[in-house]
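Subject: Structure handover

Hello,

Here is the structure for you to look over. My notes follow below it.

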Amino acid sequence: MLTMKDIRREGDPILEKEAKEIDLPASEDDKQTLREMLEFLKNSQDPETALEYELRSGIGIAAPQIGISKRMIAVHVSDHRGTLYSYGIMNPKIISHSVEKTYLDGGEGCLSVDREVPGAVPRYARITIKGVDAEGNPLKLRLKGLPAIVVQHEIDHLDGVMFYDRINNEEASELSPLGN
Ligand code: K2U
Ligand code: NI
């Protein structure tokens with residue numbers, strides 16, 4: 001199972017690289033990696049497991065964060081209605097998005113950043129993404145709220161972008177925040 005020792009921290013060059021597309025159909029190795037990324041998120045949100053293995057709670061993770069420069073992300077997050085979005089996605093791509101932007105009130109964090117970096121991160125309020133799931137099936141998701149924010153944070157990791165690269169309090173002052 002993945003633990004925090006597998007997580008690359010800021011300053012590691014892999015977090016600044018553009019990750020490579022997954023060759024489809026995906027190999028068993030890539031599918032297994034994606035399953036482990038999703039399992040890490042579930043473990044990190046289980047109080048007993050997180051305590052036993054000293055896991056930081058995560059609602060998303062990208063393959064470069066575990067040292068694999070490939071375009072794979074996993075999210076395990078509920079929206080404000082309590083609907084769970086639990087997905088491993090290969091080659092995720094934002095195919096459309098709202099003009100409207102929002103930001104997570106209280107700012108963002110990152111498993112790869114062991115410090116608080118205050119500031120608002122403007123994100124698209126609604127996105128439609130396409131990709132391939134861990135079983136190799138095509139995926140199309142329309143997202144808003146926290147799931148939309150998490151997916152944008154993770155896709156940024158595939159492009160070598162960290163959340164603090166996008167902090168813009170001036171732009172955010174014109175936007176409506178998303179409650180936590
Ligand atoms: O990519 C990562 O490092 C995981 C991030 C995901 C994240 C997405 C959006 C906004 C902030 C962070 C964090 O580890 S998840 C930690 C967390 C948990 C609940 C709410 C916000 C952040
Ligand atoms: Ni992150």
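What volume does the largest pocket have? About 350 Å³. A pocket here is an open set of points on a 1 Å grid over the protein atoms alone, where a 1.4 Å probe fits, with protein on both sides within 12 Å along at least five of seven lines. Volume is the space filled by probe spheres set on the points, which are joined across faces, edges and corners.

First, the ground rules. This is a predicted model: local features need pLDDT of at least 70, side-chain atom pairs count only at pLDDT 80 or more, and totals for chains, interfaces and linings use all residues. Residues are numbered from 1 along each chain as its sequence is written, chains are lettered from A and ligands numbered from 1 in the order written, and side-chain values use heavy atoms, leaving out hydrogens and water.

The largest pocket is lined by 19 residues (an atom within 4 Å of a point). Closest to its centre are Ile 59, Leu 104, Glu 108, Gly 109 and Cys 110. Helix H3 (residues 145–158) gives the largest share of the lining, six residues. Helices (H or I, at least four residues) and strands (E, at least two) are DSSP runs, numbered from the N terminus.

**Five-stranded sheet.** This sheet is open, with order E1-E2-E3-E6-E7 and antiparallel pairing. Strands pair if DSSP finds at least two bridges between them. The edges are E1 (60–62) and E7 (138–144), each pairing on one side only. Twist averages 40 degrees from one strand to the next. Angles run from 0 to 180 degrees between N-to-C directions, with axes fitted to C-alpha atoms, for helices over the stretch in contact. Seven bridges join E6 (residues 126–133) to E7. Ile 127 sits opposite Leu 143 in E7.

**Helices on the sheet.** Helix H1 (residues 28–44) touches E1, E2 (72–78) and E3 (84–97), at about 30 degrees to E2. Contact means heavy atoms within 4.5 Å. H3 lies across E1, E2, E3, E6 and E7, at about 160 degrees to E2.

**Three-stranded sheet.** The order is E5-E4-E8, open, with mixed pairing. E5 (123–124) and E8 (176–178) each have a single partner strand, so one side of each lacks a neighbour in the sheet.

**Salt bridges.** There are 15 (a side-chain nitrogen of Lys or Arg within 4 Å of a carboxyl oxygen of Asp or Glu). In one, Lys 70 and Asp 30 have their closest N and O atoms 2.8 Å apart. Lys 70 is in the loop between E1 and E2 and Asp 30 in H1, so the pair ties together parts 40 residues apart in sequence.

Best wishes
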